[in-house]
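Work through the exercises below with the model open beside you. Try each task before reading its solution.

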Amino acid sequence: MGISKDNVTGLILALSSSIFIGSSFIIKKMGLKKAGNTGKSAASGGHAYLYEPWWWIGMISMIVGEIANFAAYAFAPAILVTPLGALSIIFSAVLAHFILQEKLHIFGMLGCALCMVGSTTIVLHAPHERVIHSVKEVWQLATEIGFILYIVAVAILVVALIFYYVPRYGQTHLFIYVSICSLTGSLTVMSVKAVGIALKLTFEGSNQFKYFQTWFFTIVVIGCCLLQINYLNKALDTFNTAVVSPVYYVMFTTLTIFASMIMFKDWVSQNASQIATELCGFVTILSGTFLLHKTKDMGNRPEETTPVFTTPEHSTSDLQTR
């Protein structure tokens, strides 16, 4: 199955997003380091980085990347766009290796290679984007019984997690915060895709902002994003980032693809072989992401020296006198 024109456009936007977002982490860290040398560091509560041009360049790079990622959903299915977010980790790791001298371990390089192989597999076998002529069609898909049941299930789980599990287990169990972020994140992506399609059609001359559905999806995006950011910050503040990032990526990507399957029925036009190949590509990306995160600090560890045991000088002299 050939790659459609819309899929190519979505692919280019997703790759651009990964490059800009991956680069932004390195550029912002350069700014933070320079700011820390001249004033109070961010880790100590300082805000000297706000006067550092490099930090602002990194921030602009991240915003551009997020806009490109937003636009990608208007052209390509979530099964193609979402897993490619792992490529930003590769760009960040490679740039850190050369610019920040944060050495990439051999297993980290293997993780990058796995992400590349998995991404290529998904790109070559991704389903074609559904042709949609109005945001009302997206609304119709979102109000079908299958997706309504998914929304209800997500709402019940999120409410239970927030009001029952967070007060009791939030500080000790990583999956509580990450589950809230991932569940709401899957709805965020579906709504982002709806708003992206509305913007795309509006720019083509068919105004979609005259329909209440467009504004409803916009409100859902804003609400879910705020909830997602709040609990992601709690997770990062409570647990090790090296653990939070891969777990969140796995859960968020899995639930987003699952939600897209239900709402947009991405795999209806594909056979079992194509679906199996995409799943293998997805698992390969997950494996590469996990390996990259687990070994990201190994390259910076000082080499251990093997202790050399020598015979004390006095013992040698004693032997000689004897």
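**Exercise 1: a pair of packed helices**

α7 passes α8 in a left-handed crossing. The model is a predicted one.

Task: find the angle at which helix α7 (residues 145-169) and α8 pack, and classify the pair.

Solution. 
- Step 1. The two helices pack at about 155 degrees, and their axes are 9 Å apart.
- Step 2. Angles over 145 degrees count as roughly antiparallel. Therefore α7 is roughly antiparallel to α8.
- Step 3. Now list the residues that meet. The α7 side includes Phe 147, Tyr 150, Ile 151 and Val 154. The α8 side includes Ile 176, Tyr 177, Ser 179 and Ile 180.
- Step 4. Sort the contact residues by type: 17 are nonpolar, three are polar and none is charged.

**Exercise 2: the span and burial of α8**

Task: Then say how many of its residues are buried.

Solution. 
- Step 1. Of its 30 residues, 26 are buried, so α8 is largely enclosed by the rest of the structure.
- Step 2. Gly 205 follows α8, and its phi is positive, near 110 degrees.

**Exercise 3: α4 and its cover**

Task: compare the reach of helix α4 (residues 87-98) with the expected value, and name what covers its buried residues.

Solution. 
- Step 1. α4 has 12 residues and reaches 17 Å from first C-alpha to last, close to the expected 16 Å.
- Step 2. Its buried residues are Leu 87, Ser 88, Ile 90, Ser 92, Ala 93, Ala 96 and His 97.
- Step 3. Their cover includes α1 (5-38), α5 (106-125) and α11 (272-294).

**Exercise 4: α6 against α9**

Task: classify the crossing of helix α6 (residues 135-142) and helix α9 (residues 212-238). Is Gln 213 buried or exposed?

Solution. 
- Step 1. The axes come within 9 Å and cross at roughly 60 degrees. That makes α6 oblique to α9.
- Step 2. The crossing of this pair is left-handed.
- Step 3. Val 135, Lys 136, Val 138, Trp 139 and Ala 142 in α6 meet Phe 212, Gln 213, Thr 214, Phe 216 and Phe 217 in α9. Seven of these contact residues are nonpolar, two are polar and one is charged.
- Step 4. Gln 213 lies in α9. Its relative accessible area is 8%, so Gln 213 is buried.
- Step 5. Leaving out residues up to four places away in sequence, Gln 213 touches Val 135, Lys 136 and Trp 139.

Key. Residues are numbered from 1 along each chain as its sequence is written. This is a predicted model: local features need pLDDT of at least 70, side-chain atom pairs count only at pLDDT 80 or more; totals for chains, interfaces and linings use all residues. Side-chain values use heavy atoms; hydrogens and water are left out. Axes are lines fitted to C-alpha atoms, for helices over the stretch in contact, and angles run from 0 to 180 degrees between N-to-C directions. Helices (H or I, at least four residues) and strands (E, at least two) are DSSP runs, numbered from the N terminus. Angles under 35 degrees count as roughly parallel, over 145 as roughly antiparallel, 65 to 115 as roughly perpendicular and the rest as oblique. A crossing is left-handed if the near helix is turned anticlockwise from the far one by less than a right angle, and right-handed if clockwise. Contact means heavy atoms within 4.5 Å. Ala, Val, Leu, Ile, Met, Phe, Trp, Tyr, Cys and Pro count as nonpolar, Asp, Glu, Lys and Arg as charged, and the others, Gly among them, as polar. Buried means under 20% relative accessible area, exposed over 50%, partly exposed in between (1.4 Å probe, protein chains only). The expected span of a helix is 1.5 Å times one less than its number of residues.
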